[in-house]
Structure formats: C-alpha cells, structure tokens
Amino acid sequence: MEYNEGFIQEYYLRDMKTTASTLLLCLVMALAASAQDNPLQAMTFNIRYNNPSDSINAWPNRKDKLASQVLYHHPQILGVQEALWDQMQDLAQALPQYKFTGVGRDDGAKKGEFSAIFYDTTRLQLLNSNTFWLSETPEKTGSKGWDAAICRIVTWARFRDKKTKKEFYHFNTHFDHMGKIARRESARLLLQKVAQITGRVPAIITGDFNATPDDEPIRVIMDEQNPLHLKDAKLLSQTPHYGPSGTFNGFKRSETGDQPIDYIFLKGNWTVLQHATISQTWKGLFASDHFSVIAKLVFAK
C-alpha cells in the first residue's frame with residue numbers, strides 16, 4: 001500500500017497531538033496525586049495571653065505543653081491569637097522549624113497582642129504579608145472599630161508550597177469579645193479584604209471569632225447568598241469531626257459549651273480530609289483556655 005506525503009504528515013501530526021494530550025493528562029494526574037500525597041495541616045490556636053494572675057495556668061507553666069502539641073500535630077500553617085511579644089519569642093525558640101509573620105495590634109510592631117502566622121519553613125515559602133485593623137480605617141495602625149472594646153487585627157500572608165508548587169493565602173484574626181456591631185462589621189470587612197487581596201488564589205482563614213455558628217458574625221461569613229462567603233472546614237470534612245464541638249475551656253475541667261468560637265474557614269476549591277478539636281490535658285491542665293482546631297487540607301485545583 002502506498003501512502004502519499006500528505007497522509008504521512010497528517011498521521012504524524014495526529015500522533016504528536018495524541019502524545020502531547022497524553023503527557024498533559026499524565027502531568028495533571030501527577031500534580032493531583034502530589035497534592036493528595038502532601039496535604040496541608042492548618043491549625044488555629046488562641047494561646048491565652050501571658051497573664052501572671054492565671055496562677056498554675058500561667059504561661060511559664062504551659063508554654064512547653066503548647067509547643068509540644070504543635071510539634072506533635074505538625075501543622076504547616078498555624079494562626080495564633082492573644083500572643084504577646086514574649087510569647088512569640090518563646091514559641092519561636094521552641095519551634096525552630098517555624099518562622100512567623102505578624103505585628104502587635106497596638107503599634108504595628110511589638111506592642112499588644114499578635115494574631116500572627118507561624119509557618120513550617122521546610123514546606124512553605126513566604127511570598128508576602130501584611131496586617132490590617134478591624135475598623136472603619138483598616139490601614140490606620142492601632143485603630144479601634146465600631147463598638148469594639150479594644151483594637152483588633154487581621155494578619156495575612158501569601159505562601160508557595162515547596163512540594164506542590166501551589167500558592168495560597170492565610171488570614172488570621174481575633175474578633176472583639178464585647179462589641180456586637182464590631183463583630184458583625186469585622187465579618188463584613190474580612191470578606192471584602194479576603195476577596196480584594198487574594199483574587200482567584202485560594203485562602204485559609206483562621207481565628208477566634210468570639211461567636212458561635214448561630215451568631216450574626218458567623219452567619220455573615222457563611223451566607224451563601226453572598227458570593228464572597230467562606231466555608232467552614234468542619235462541615236466539609238470527609239471524615240467525621242474528631243474531638244469536642246466546643247473550643248473554649250476557660251481552664252475548667254472540660255469545654256464550657258457545645259459550640260465552637262474558633263474556626264478554620266476556606267475560600268477556594270479545597271478538599272478537607274480531616275477536622276479536629278484537640279483537647280489534650282496534662283494531669284487535668286490544658287495548654288490554653290482554648291482548644292486548638294486543626295484541619296488536613298488538599299487544594300483540588
């Protein structure tokens with residue numbers, strides 16, 4: 001059988017296209033498998049500020065417990081709340097594999113509580129970070145918003161995963177404990193800022209929101225009628241939630257309620273493999289007056 005030159009060219013061109021498509025499919029499958037094999041552990045932890053009046057629960061008596069919990073569960077990304085500068089230094093020393101980004105809320109430097117982000121330097125590369133204030137003037141350092149009792153902040157960072165090469169943002173915050181209007185407006189501002197800063201890049205949002213799922217701030221954040229809404233990692237988990245539902249213990253014998261006030265929210269196409277509240281005790285003593293919350297995540301696209 002004879003083949004003309006055009007037929008041969010068409011055959012090889014079609015074969016090359018098929019090969020290219022096959023290679024592309026293999027690459028996509030390999031990247032997907034890589035992501036599945038390298039999930040991200042995200043943790044949020046209100047570590048309770050260093051208050052000597054806490055007696056046996058004061059920071060010097062529990063800092064090693066808290067650090068050991070982080071080291072054991074090994075989150076690649078950790079949002080802490082209520083951390084004072086001396087506590088930040090203690091954690092930095094106890095967690096040598098981690099670095100942190102963030103500022104004190106009072107002066108944008110070292111004064112006041114941090115809502116800082118610790119990240120595992122063996123896994124993540126910090127690309128950019130900043131802080132804004134939960135107020136009508138979010139770029140004004142130390143600004144207090146609405147009816148809040150004190151100034152509150154959000155620290156955010158953009159990371160590149162060294163294993164999967166994917167990029168994502170992490171936002172970490174602590175809503176006001178007194179101002180109902182402040183918590184509602186903080187939720188609205190948070191949604192706006194997450195959308196504005198991240199664009200189409202996925203994001204993890206952690207924090208102590210001082211609100212239960214039925215409270216207005218959480219309803220604002222999760223309102224599906226709002227295209228900017230976030231999703232609760234707990235509700236997306238492929239395996240049932242592990243641990244207590246409540247996340248505040250107040251240094252009592254157990255959690256003080258059945259509802260969380262600490263959350264891991266998500267923006268983007270994440271798969272949540274596991275979600276847990278860690279209620280570990282040491283002879284009845286806790287690492288903090290809050291439990292840490294942790295989620296094992298895979299970004300699907």
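1. A residue is called buried when its relative accessible area is under 20%. In this predicted model, arginine 48 has a relative accessible area of 16% and is therefore buried. Its place is in the loop between strand S1 (40-46) and helix H2 (59-73). Arginine 48 also has a positive phi of about 65 degrees, although it is not a glycine.

2. Phenylalanine 251 belongs to the loop between helix H6 (233-236) and strand S10.

3. The strands deserve attention next. Six of them form an open sheet with mixed pairing, in the order S5-S6-S7-S8-S10-S9. Strand S5 (124-133) and strand S9 (231-232) stand at the edges; each has a single partner strand, so one side of each lacks a neighbour in the sheet.

4. Within this sheet, S8 and S10 run antiparallel and are joined by six bridges. Alanine 203 has lysine 267, in S10, as its bridge partner. Helix H4 lies across S5, S6, S7, S8 and S10, and runs at about 160 degrees to S7.

5. What does the largest nonpolar core contain? It has 23 residues, and those with the most contacts inside it are Phe171, Leu190, Ile205, Phe209, Ile221 and Phe265. Two or more residues each come from strand S6 (153-161), strand S7 (167-174), helix H4 (180-198), strand S8 (203-208), helix H5 (216-221) and strand S10 (262-267). H4 provides the largest share, five residues. As a general background, nonpolar side chains in soluble globular proteins tend to be buried together.

6. Phenylalanine 171 may be examined individually. With its neighbours within four places in sequence left aside, phenylalanine 171 is in contact with Phe132, Val154, Thr155, Trp156, Lys193, Val194, Ile197, Thr198, Ala203, Ile204, Ile205 and Thr206. Apart from the core described above lies another, of 21 residues, which includes Trp59, Leu66, Met88 and Ala276.

7. The count of salt bridges comes to ten. One of them pairs aspartate 161 with arginine 123, and the closest N and O atoms are 2.8 Å apart. Aspartate 161 lies in strand S6, whereas arginine 123 is in the loop between strand S4 (117-120) and S5; the pair therefore ties together parts that are 38 residues apart in sequence. Both aspartate 161 and arginine 123 are buried.

8. Which parts of the chain are linked by arginine 152 and aspartate 176? These two residues form a salt bridge whose closest N and O atoms are 3.3 Å apart. Arginine 152 is in the loop between S5 and S6, and aspartate 176 is in the loop between S7 and H4, so that distant parts of the chain, 24 residues apart, are linked. Arginine 152 and aspartate 176 are both buried.

9. A further salt bridge joins glutamate 185 to arginine 184, with 2.9 Å between the closest N and O atoms. Arginine 184, with a relative accessible area of 23%, is partly exposed. Elsewhere, salt bridges that share partners join Arg158, Arg160 and Glu167 into one network.

Conventions: Residues are numbered from 1 along each chain as its sequence is written. This is a predicted model: local features need pLDDT of at least 70, side-chain atom pairs count only at pLDDT 80 or more; totals for chains, interfaces and linings use all residues. Side-chain values use heavy atoms; hydrogens and water are left out. A nonpolar core is a set of buried Ala, Val, Leu, Ile, Met, Phe, Trp, Tyr and Cys residues joined through side-chain atoms within 4.5 Å. Buried means under 20% relative accessible area, exposed over 50%, partly exposed in between (1.4 Å probe, protein chains only). Helices (H or I, at least four residues) and strands (E, at least two) are DSSP runs, numbered from the N terminus. Contact means heavy atoms within 4.5 Å. Two strands pair if DSSP finds at least two bridges between them. Axes are lines fitted to C-alpha atoms, for helices over the stretch in contact, and angles run from 0 to 180 degrees between N-to-C directions. A salt bridge is a side-chain nitrogen of Lys or Arg within 4 Å of a carboxyl oxygen of Asp or Glu.
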